[in-house]
Amino acid sequence: MKFIDNISIEKYNEFVEKNINCSIFQSPGWVKVKNTWGYKRLAVIDDNSNVLATAQILTRSGLWYLPRGPILDYNNAELLEYFLKNLKLYAKKNKAKLLKIDIPEPLKNAPKKEFLEAKEDSKKESIMSIFKKAKFKHKGFTLQMSDTIQPRFEAVTYLSENFEAELPKRTHRLLKNSEKILIETQCMDKNGLDDLMFALSGTEQRKNITLRNKEYFENLFEIYGKDCIIYTAYMDVKNSLSNCRQKEEEILEEIASLNEKMRKKKYKLEESLQGIQGLIKYFEDLYEETHEERHVISSVISVKYGLSSEILYGGMNGKFSKIPAQYKVYVETMKKFFEMGAVKTSMGGVEGSLEDGLLLYKSNFNPNVVEHYGEFDYAISKTYKFMYDYGLPLRRKILKLIRR
């Protein structure tokens, strides 16, 4: 085996893209997204120059951070040991002060309902032992998203031809509700950025947070090209209003045709009528308020790399919180990625308690909860490690107090 730092982009991509553990965080494009960082792209090859392992490391001010890597066969203990040994030597030679590794291998991977009873990775003892032997300190099996740079728990939907059919009943009902009021979705490139930014601003206002600016998303399109997509849901108020009025007439006609013995059916129809009339009033009031026919309801931006895809940011127009259009854009995004060759879509991190609102929403898309091992640190400079662990968090707390 040989440890190299000059692997070509072509050979790197060929190896990583086919691996089930690949993610955008190990894509060559990610170093362009994180353009305030330096990077190292490393590999292990065999005697015939076949790639056995790869690692793309972000570097800044002495910190070497390996997100969701290295990519290798974690059943091969000898290979992992060889990689860690040579990585440490290489890092010291290149003046690194702290190595931080967040491996992609799942510790657990199961549907939410089965997660607590699911078995841990059979390689856990071997992997933990190898890192310990290499003098890496494990940060622990933390539960909060804020405890690590990348969340240790994430919600991942595995894609197939039957993906949509296997969604929960509630999701199917919400998708049908969107169709009833003529919600339209469009897959767009960077020409859809203005509508995305509008939807994101709604989320920012509602949650009192600040997301990315337009330049950041323009950069994503420049880097990932056709593998970066936006899905946006729109509604034409006049069309939706016309459709609801037509349904109202149909229900009224059907009620009028019932005889006295058909009380159950009449009751159900009257319930449907009440819902339709509520929508009619909602759309009438909306048009009266805005005098606009076409509205952006919800939008998400996502990226695919190899077998993996990632929903990065999503937003919703607060005026349409009662309309479940975001479910439709998520489903359409996943269907598109499956067509493009992805086998999974990550919806991002969730809290390890599995009781947060994020997981409640993401559960509508039939995900697995994927638990990662978390971070392993190797301190080349103990002073730097101390400042990283205690100095930086203290500085952030002080800055927050000042801003308040």
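Which residues are buried in α11? Before I come to that, a word on the model, which is predicted, so that local features need pLDDT of at least 70 and side-chain atom pairs count only at pLDDT 80 or more, while totals for chains, interfaces and linings use all residues. Residues are numbered from 1 along each chain as its sequence is written, and side-chain values use heavy atoms, with hydrogens and water left out.

Let me begin with the whole chain, whose secondary structure comes to 13 helices and 15 strands, where helices (H or I, at least four residues) and strands (E, at least two) are DSSP runs numbered from the N terminus. Its C-alpha atoms fill a box of roughly 85 × 45 × 40 Å along the principal axes, and 49% of the 404 residues count as buried, meaning under 20% relative accessible area, with exposed being over 50% and partly exposed in between (1.4 Å probe, protein chains only).

Now to helix α11, residues 325-339, which has 15 residues and reaches 21 Å from its first C-alpha to its last, close to the 21 Å expected at 1.5 Å a residue; the expected span is 1.5 Å times one less than the number of residues. The buried residues in α11 are Ala-325, Gln-326, Tyr-327, Lys-328, Val-329, Tyr-330, Val-331, Glu-332, Thr-333, Met-334 and Phe-337. Because eleven of its 15 residues are buried, α11 is largely enclosed by the rest of the structure. The helix is followed by Gly-341, whose phi is positive, near 105 degrees.

Together with β12 and β13, α11 makes a right-handed β-α-β unit, right-handed here meaning that, with the strands pointing away from the viewer, the path from the first strand over the helix to the second runs clockwise. Strand β13, residues 344-349, is mostly covered, with six of its six residues buried. On pairing, which requires that DSSP find at least two bridges between two strands, β13 is joined in the parallel sense to β12 (residues 308-316) over three bridges, and Ser-346 of β13 is the bridge partner of Glu-310. Strand β8 (residues 153-158) runs antiparallel to β13 and is joined to it by four bridges, with Thr-345 of β13 as the bridge partner of Thr-157.

Finally, I turn to Tyr-390, which lies in helix α13, residues 382-403, and is exposed, with a relative accessible area of 55%.
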